[in-house]
Each structure stands twice: as C-alpha cells, then as structure tokens.
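Student: Could we go through this structure together, a few features at a time?

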Amino acid sequence: MGSRVLPALELPQRLRPSLEDSRRAPGRGRENLLSSVAAVRTLASVVRPCYGPLGRQKFLVTDSGATVCTGHAAAILRALRLEHPAARLVRDAAQTQAEVSGDGTAFVVLLIEALLEQAERLLRAGLPRTQLREAYAAARNEVLATLPSLAVRSLGPLEDPSWALHSVMNTHSLSHTNYLSKLVAQACWASKEPDGSFKPERVGVCTLRGGTLRDSHLLPGLAISGEPRGQTTVVLTGARVALFVCPFGPANLNAPATAHLSNPNDLTKFMTESDQLLEKQVAQLAVGDINVAVVWGDIDKKALTLADKHGIMVIQAKSRKEVAYLSEVLGTPLLTHLLPPLEPGRCRRVYRQELGDTAAVLFEWESVGTPALTLVLRGATAEGLRGAEQAVHHGIDAYFQLCQDPRLLPGAGAVEMALARMLSDKGSKLEGPNGPAFLAFAQALRSLPNTLAENAGLGVSQVMAEMSALHQAGNFLIGVGTEGIINVAQEGVWDTLMAKTQGLQAAAEAVLQFVTVDEIVVAKRSPLHQQVSHPDSKKAKDYLSHPKKKILQMYK
C-alpha cells in the first residue's frame with residue numbers, strides 16, 4: 001500500500017472478516033456502539049465555532065441573569081449546565097487542561113469528539129473494545145513520541161519572548177495584540193527570579209474601564225481597581241492590611257434581628273449603643289495595628305470618620321475577585337465582620353495612583369515571591385477587557401511553560417497535519433487492529449485544521465487538499481491562515497510543546513476511558529431514601545422517631 005492515506009470510509013474494509021463474524025453471532029451488533037458519542041458531539045458543537053483566532057463568540061446568560069460575551073471555550077464550558085456524565089467528564093478534562101497549561105480547552109474537546117467518532121466506526125466494523133483500547137493507546141504513544149521532533153524553534157534564555165507569546169495571545173476578541181504581547185513579555189522578564197525561574201503569581205492583572213488597550217501599561221506591585229474613601233490616602237511604610245467582604249459600618253439593616261422599641265428613650269439608647277459598638281470595632285482594628293482596610297461592600301460615614309481618627313486607610317474595592325486574589329497574596333483571610341484578623345497582611349506601602357479619569361490602589365512589597373508588576377488593562381467595554389485579560393493570562397502561562405521547556409511547535413493546525421501524516425504512513429503498513437486504529441487517529445487529528453479552515457470562512461476541501469499535498473511532500477510547516485494556507489514559521493504562529501503534549505494526553509486518556517464504557521446506568525432512589533429525604537411525610541416522621549423498631553421489622 002506504500003504511503004497511501006486511507007480515508008475514513010475505507011476503515012471498515014480493513015476489518016471485514018471481524019465484521020462478518022459479528023453478523024453471524026447472535027445478540028451482537030449495536031451493543032458495541034459507544035453510548036457517549038451523542039453527548040460529546042453536542043458539547044463539541046457548542047465550542048467548535050469558537051476554535052481558532054477567527055472563531056466566533058457567544059452570549060452567555062448566567063444564572064444571575066448577567067450577559068457575558070465571550071469566545072473562550074473555558075468560560076463557555078463553565079457556564080453550561082450539564083446532565084450527561086460523559087459531557088461532564090469531557091468538561092473536567094478540558095478544564096484541567098486550562099488550569100494546567102492555560103490554553104487548549106477547545107482543542108481537547110474537539111479532539112475527544114473526533115477520536116470517539118472514529119472509535120465508533122471501528123466498533124461498528126467489529127473491532128473488540130479491548131483491542132481498540134490497546135490500538136488507540138499505541139497510537140497515542142506514537143504521537144507523543146513524535147511530537148518533540150516537530151519542535152523547530154526554541155526560546156533563548158536571553159531572548160525577548162514577545163514573538164513567542166504573540167500567537168498564544170492572538171485571540172479573536174483581542175485587538176492591539178502586538179502591543180499587549182510586548183507588555184506581557186516585559187512584565188514576565190522583569191519578574192523573573194534571580195535563578196532564572198518564573199512564577200506566574202509575580203505578575204498581576206488589573207482591569208479599568210476607560211481608554212483603549214493602547215493605554216494599558218505596567219505598574220509596580222499589585223494594583224486593584226478601588227478608591228480610598230477617607231482622609232488617609234497613603235501608607236508609606238509598614239502597611240498592615242485587613243480584608244473585609246462586609247459593610248464597613250453597623251450591621252446590615254436587612255438582618256433578621258429586630259429591635260423592639262417602645263418609646264423615644266429606647267430609640268436614643270439603641271442608637272447610642274450602636275455608635276459605641278461601632279467605635280469599639282474600629283478601635284479594635286487600631287489596637288490590632290491595622291492601618292489599611294480593604295472593603296468589598298458599603299462604607300458607613302460614621303465608621304469612616306472613626307477610621308480617619310485612628311489613621312486607618314479605608315479602600316473600597318470594585319471587584320471581589322481582586323480582593324480574593326489580594327487575600328491569597330497577603331496570606332490573610334477575608335473577614336465578614338469588623339474584627340482584626342489573627343494574622344494581617346503585610347506589605348511595604350499602599351497608595352493611590354491616578355490613571356487618566358480613573359484610579360487604582362497599589363500595594364508594593366520588597367520580599368521575594370510577591371507580585372512585582374501589575375499589567376493595568378484599559379478598555380471601553382467590560383467584554384473587551386474580559387477578553388484582553390484572558391489573553392494576558394494565556395501569555396503569562398505560556399511564558400511559565402517556556403521557562404520549563406523552551407521548545408515551540410508549528411501552530412495553525414500544522415503539527416496536527418504532520419502527526420496525521422506520520423500515523424497514516426505507519427498505519428497503512430501495520431497488520432491487525434493497530435493499522436486501522438492509527439488511520440482513525442490520523443483522521444481525528446485532521447479534523448482540527450479542518451475546523452480552523454471552516455471558522456476562517458475558507459474553502460475547506462481545497463485548503464485541506466493543498467495542506468495534505470504539501471505535508472506529503474515533507475513541508476510540515478504549512479498551516480491554516482486567514483486567507484488560505486500559510487508557512488507558520490514565516491508568519492510566527494507557534495504553540496508551546498508543553499501545552500500541546502498535555503492536551504493530547506488529556507484527550508487520549510478521556511477517550512480510552514470512554515471506550516471501556518458500554519452503557520450508562522442511573523441508580524434509582526429507594527422508597528426508604530425518598531421518605532427520609534422528605535421529613536414532612538408521615539412515614540418519614542415515624543421512621544425517624546422509631547428507627548430501631550423499623551430496622552428490626554426489616555430483618556424479620
């Protein structure tokens with residue numbers, strides 16, 4: 001057969017003897033079909049239009065009613081309410097990929113779907129599940145062994161990393177990619193440890209409405225979107241920080257407790273005692289040596305006056321996420337009452353920084369392991385800032401991976417086509433189940449550049465034919481661009497070796513697990529469990545009141 005590539009429709013021909021045996025055996029046939037394909041196909045159809053830099057975006061309506069416009073697969077998967085266990089497993093695999101490498105969420109989902117569809121064809125042809133699993137595992141091992149040989153670029157230890165981060169950050173929702181990739185490269189380079197290592201937490205990200213992305217810049221320390229509310233607007237040395245996710249003032253007026261007041265004297269006494277309690281709480285903060293209070297909530301005027309009296313800088317934060325991140329960096333808890341923390345957060349100084357028509361609050365450290373720089377993103381809309389923030393985090397994660405392994409792979413679907421060609425060449429020469437499995441794995445890999453071409457609005461058949469011909473000729477640097485095929489080395493489109501390796505491993509492991517599942521069994525609740533879970537019923541109350549008696553009756 002030489003190096004001829006077999007299309008997917010010819011795969012059952014390789015297994016015709018097994019197919020004939022399955023037809024003769026009674027009770028066999030559709031029992032070999034995978035029960036997870038339909039659910040995974042539906043999930044993949046949601047994220048497929050978002051794959052690649054030219055993918056589309058979606059409006060997500062959250063449970064709280066908020067509308068978010070995004071094209072990032074990780075955010076879309078988090079918002080989905082999934083019932084099918086197979087879809088949940090795919091989401092878990094994709095989210096693990098996003099947490100570990102910061103990128104490749106849609107890649108994992110789409111590859112799982114393609115591998116499952118090819119696996120179902122092999123099962124229809126009569127290939128036993130155990131042999132399919134072993135053959136797929138062999139194809140995965142072959143892919144992972146070949147992948148490092150396709151790395152044609154490497155980031156030097158003293159080289160500007162902006163060129164390597166550009167393609168990772170070049171998403172369909174981002175403008176001014178060149179400018180932002182240079183900012184991220186500068187922040188990562190300046191935040192490296194003395195030994196040359198890099199920690200992603202050394203670079204913070206703050207989003208502020210107003211201006212454009214070209215107005216984004218770097219600030220020292222950790223910046224949050226907030227505003228000092230009192231007279232104390234700066235702590236120049238020895239800042240001790242407390243974080244509150246509650247109103248800075250009296251207890252919430254909507255609290256369930258109700259004061260029963262029968263005359264004006266009771267009202268006066270109640271107000272006096274309330275003021276005394278508030279003064280005591282703020283004084284306790286001062287006694288605890290707290291001189292900075294970050295509040296995510298309302299700030300009472302009387303409490304602010306007391307804070308000014310004790311020299312406490314009160315900052316009203318605009319984002320709970322930033323306060324939570326500040327808690328992680330400072331190592332101090334989020335408090336729900338006006339009490340001093342057992343261990344306050346410490347930093348060198350805290351001050352307000354004017355940024356055009358808005359302002360940020362900066363926390364600066366001198367110790368190792370704390371944020372050295374913050375990239376302040378500016379933008380006119382929340383959706384644009386959200387996309388830019390996601391792209392910046394992708395760039396930071398990519399630089400972290402490159403510090404561990406500086407090798408880069410061709411992007412834009414070129415590496416998938418190169419791996420597919422390798423598997424096709426080997427699969428066409430192998431006997432037994434490994435041959436068809438290698439060809440099926442190759443067909444699944446080809447579906448990824450196919451999707452890139454489709455999302456770019458190109459003629460898919462023509463683009464794939466041109467790519468296949470050039471890859472067969474030995475040019476594995478050919479990928480999918482905005483107007484057709486491109487040379488990824490000339491266009492500077494790269495993927496990190498670590499992210500691609502982890503994505504292939506995650507997708508293959510999920511598929512190998514799916515292959516062993518023949519059906520989905522949902523356990524039915526027992527009547528006794530249903531009665532106990534509804535204590536309003538008479539039988540449930542009787543059971544709970546006389547448990548020993550009921551147990552004895554069950555064993556008679």
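Tutor: We shall take aromatic pairs, helices, cysteines and backbone angles in turn. This is a predicted model, in which local features need pLDDT of at least 70 and side-chain atom pairs count only at pLDDT 80 or more, while totals for chains, interfaces and linings use all residues. Residues are numbered from 1 along each chain as its sequence is written, and side-chain values use heavy atoms, with hydrogens and water left out.

Student: How many aromatic pairs are there?

Tutor: The count comes to three aromatic pairs. Rings of Phe, Tyr and Trp (its six-membered ring) pair if their centres lie within 6.5 Å; planes under 30 degrees apart count as stacked, over 60 as edge-to-face and the rest as tilted. Tyrosine 136 and phenylalanine 441 form an edge-to-face pair, because their ring centres are 5.6 Å apart and their planes lie at 75°.

Student: Where do tyrosine 136 and phenylalanine 441 lie?

Tutor: Tyrosine 136 is in helix H6 (residues 129-146) and phenylalanine 441 is in helix H14, so this pair links distant parts of the chain, 305 residues apart. Helices here are DSSP runs of H or I with at least four residues, strands are runs of E with at least two, and both are numbered from the N terminus.

Student: Are those two residues buried or exposed?

Tutor: Both tyrosine 136 and phenylalanine 441 are buried. Buried means under 20% relative accessible area, exposed means over 50%, and partly exposed is in between (1.4 Å probe, protein chains only).

Student: What about phenylalanine 198 and tyrosine 399?

Tutor: They also form an edge-to-face aromatic pair, with 5.0 Å from centre to centre and 85° between the planes. Phenylalanine 198 lies in the loop between helix H8 (177-190) and strand S4 (203-209), and tyrosine 399 lies in helix H12 (residues 382-404), so the pair ties together parts that are 201 residues apart in sequence. Phenylalanine 198 is buried, with a relative accessible area of 4%, and tyrosine 399 is buried at 3%.

Student: Which charged residues sit over rings?

Tutor: Arginine 153 lies over the face of tryptophan 163, at 4.1 Å from the ring centre. The charged end of lysine 500 sits over the ring of phenylalanine 107, 4.3 Å from its centre. The rule requires NZ of Lys or CZ of Arg within 6 Å of the ring centre and within 35 degrees of the ring normal.

Student: New topic: what span should helix H15 have?

Tutor: The expected span is 1.5 Å times one less than the number of residues. The 13 residues of helix H15 (residues 460-472) should therefore span 18 Å, and the end C-alpha atoms are 18 Å apart, which agrees.

Student: Which residues of H15 are buried?

Tutor: Val463, Met464, Met467 and His471 are buried in H15. They cover an arc of only 95° around the axis, so they are on the same side of H15; the arc is that of the directions from the helix axis to the C-beta atoms. On the other side of H15, Ser461 and Gln462 are exposed.

Student: What do the buried residues of H15 pack against?

Tutor: They pack against helix H13 (414-427), H14, strand S18 (478-480) and strand S19 (485-487). Contact means heavy atoms within 4.5 Å.

Student: What can be said about asparagine 455?

Tutor: Asparagine 455 is in helix H14 and is buried, with a relative accessible area of 9%. Leaving aside neighbours within four places in sequence, its contacts include Arg48, Cys50 and Tyr51.

Student: How many disulfides does the search find?

Tutor: The search of the whole structure finds zero disulfides, a disulfide being a pair of cysteine sulfur atoms within 2.5 Å. The sulfur of cysteine 403 is 7.8 Å from the closest cysteine sulfur, in cysteine 188, which is too far for a bond.

Student: Which residues other than glycine have a positive phi?

Tutor: Most residues other than glycine have a negative phi. Among those with a positive value, aspartate 289 has a phi near 65° and alanine 412 one of about 60°. Aspartate 289 is found in the loop between helix H9 (264-287) and strand S10 (292-295) and is partly exposed, at 43%. Alanine 412 is in the loop between strand S17 (407-410) and H13, and counts as buried at 15% relative accessibility.
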